[in-house]
Amino acid sequence: MEDLSLTFGSAFWHDKLMPAIEAIKTTLDKYPKGSVALSFNGGKDCTTLLDLCELCCKEDLFIVVFKEADSFPELESFINSRLAQTPFKVIWMEESIKSGMETLVRRGLQAVIMGQRKGDPYCPSSVCSPSTAGWPEFMRINPILEWSYSDVWHFLISNKSEYCCLYDCGYTSLGPKSHTSPNPFLNGRPAWMLEKQDSERIGRD
C-alpha cells in the first residue's frame, strides 16, 4: 500500500484513498462471502470502485450489472471489455433495478457497494446507509461518498485506469442515451478538464 501513496500523492492517499479502501474491507469482513455486490454501470464512479475493489480484495464479492435499453454503444462496449478483465463473478440482470434487487436479496444479498458521491440525487448522508423505504432491505455502501469530481479523475488518471471513451469526448455524467449530451462547458474536451465542477451533471435531463 505504500506504493499507492507514491502513485497518488500522500494527501490523497491519507484523506481519500485509505478511507475508501477501509470501507470496502470493513464491509467484506462484516458480511458473509458472496453476500456483497458491486453495482456497475460503466460510469466513472463505479469504474473507480471496481479498480479499488481489485486493489484490496480478490473474490469476496460479485458484480451486478443492470442492462439499460437506452444505452450508448460505447458504454456497452466498455462495460463488456472492462468486466472481461475482472476476477469477480458478474451477474447480468434483465429486470428493473428494484425488481432485480428483490431477486438478489432473496438469493442472499446483504450489501451493495455503490459509487454515489455527495451532491448526487437521492444520495445518503453516510457511507453506510440502509436501503430506502419501499425497497428490499440491504445496506448501501458508498466508499467514495466524500470524493469530489476532481478526486475521481485524479484517481483514474493516476491509476492509468481504463474508462469509457465518451468521457474523452466532452461527456461528464453518463445516463440514458436519449437524455445525455456532452457538457457545454467543455466544448468537446475530456471530462477531466472540467473546471466548473458543480456543472458535472449538466447534459443530463
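**Briefing: buried sites, salt bridges and a charged patch**

C57 is buried, as its relative accessible area is 9%; buried means under 20% relative accessible area, exposed over 50%, and partly exposed in between (1.4 Å probe, protein chains only). The structure is a predicted model, in which local features need pLDDT of at least 70, side-chain atom pairs count only at pLDDT 80 or more, and totals for chains, interfaces and linings use all residues. Residues are numbered from 1 along each chain as its sequence is written, and side-chain values use heavy atoms, with hydrogens and water left out.

- C57 sits in the loop between α3 and β2; helices (H or I, at least four residues) and strands (E, at least two) are DSSP runs, numbered from the N terminus.
- Apart from neighbours within four places in sequence, C57 contacts L28 and F88, where contact means heavy atoms within 4.5 Å.
- C57 and K25 are 32 residues apart in sequence, and their C-alpha atoms are 7.6 Å apart.
- S129 belongs to strand β5 (residues 128-130) and is buried at 11% relative accessibility.
- With neighbours within four places in sequence set aside, S129 is in contact with P124, F138, M139 and R140.

**Salt bridges**

- A salt bridge is a side-chain nitrogen of Lys or Arg within 4 Å of a carboxyl oxygen of Asp or Glu, and the count by this rule is nine.
- E200 pairs with K44 in a salt bridge, with 2.9 Å between the closest N and O atoms.
- This pair links distant parts of the chain, 156 residues apart: E200 is in the segment after α6 (149-158) and K44 in helix α3.
- E200 is buried at 9% relative accessible area, and K44 is buried at 3%.
- A network of salt bridges links K44, D45, R117 and E200.
- E146 and K118 form a salt bridge (2.9 Å, N to O).
- Because E146 is in the loop between β6 (139-141) and α6 and K118 is in the loop between β4 (111-113) and β5, the pair ties together parts 28 residues apart in sequence.
- E146 is partly exposed at 45% relative accessibility.
- In the salt bridge of K196 with D198, the closest N and O atoms are 3.6 Å apart; K196 is partly exposed at 41%, whereas D198 is exposed at 68%.

**Negative surface patch**

- E22, D29, E59 and D60 form a negative surface patch (residues with over 30% relative accessible area and no salt bridge, like charges joined within 9 Å).
- E59, in the loop between α3 (44-56) and β2 (62-66), is exposed at 54% relative accessibility.

Conventions:
Patches are made of residues with over 30% relative accessible area and no salt bridge: like charges are joined within 9 Å, nonpolar side chains (Val, Leu, Ile, Met, Phe, Trp, Tyr) within 5 Å. Accessible areas come from the Shrake-Rupley method with a 1.4 Å probe; for residues, only the protein chains shown count as cover. Lys and Arg count as positive and Asp and Glu as negative; His and the chain ends are not counted. The place of a charge is taken as NZ of Lys, CZ of Arg, CG of Asp or CD of Glu.
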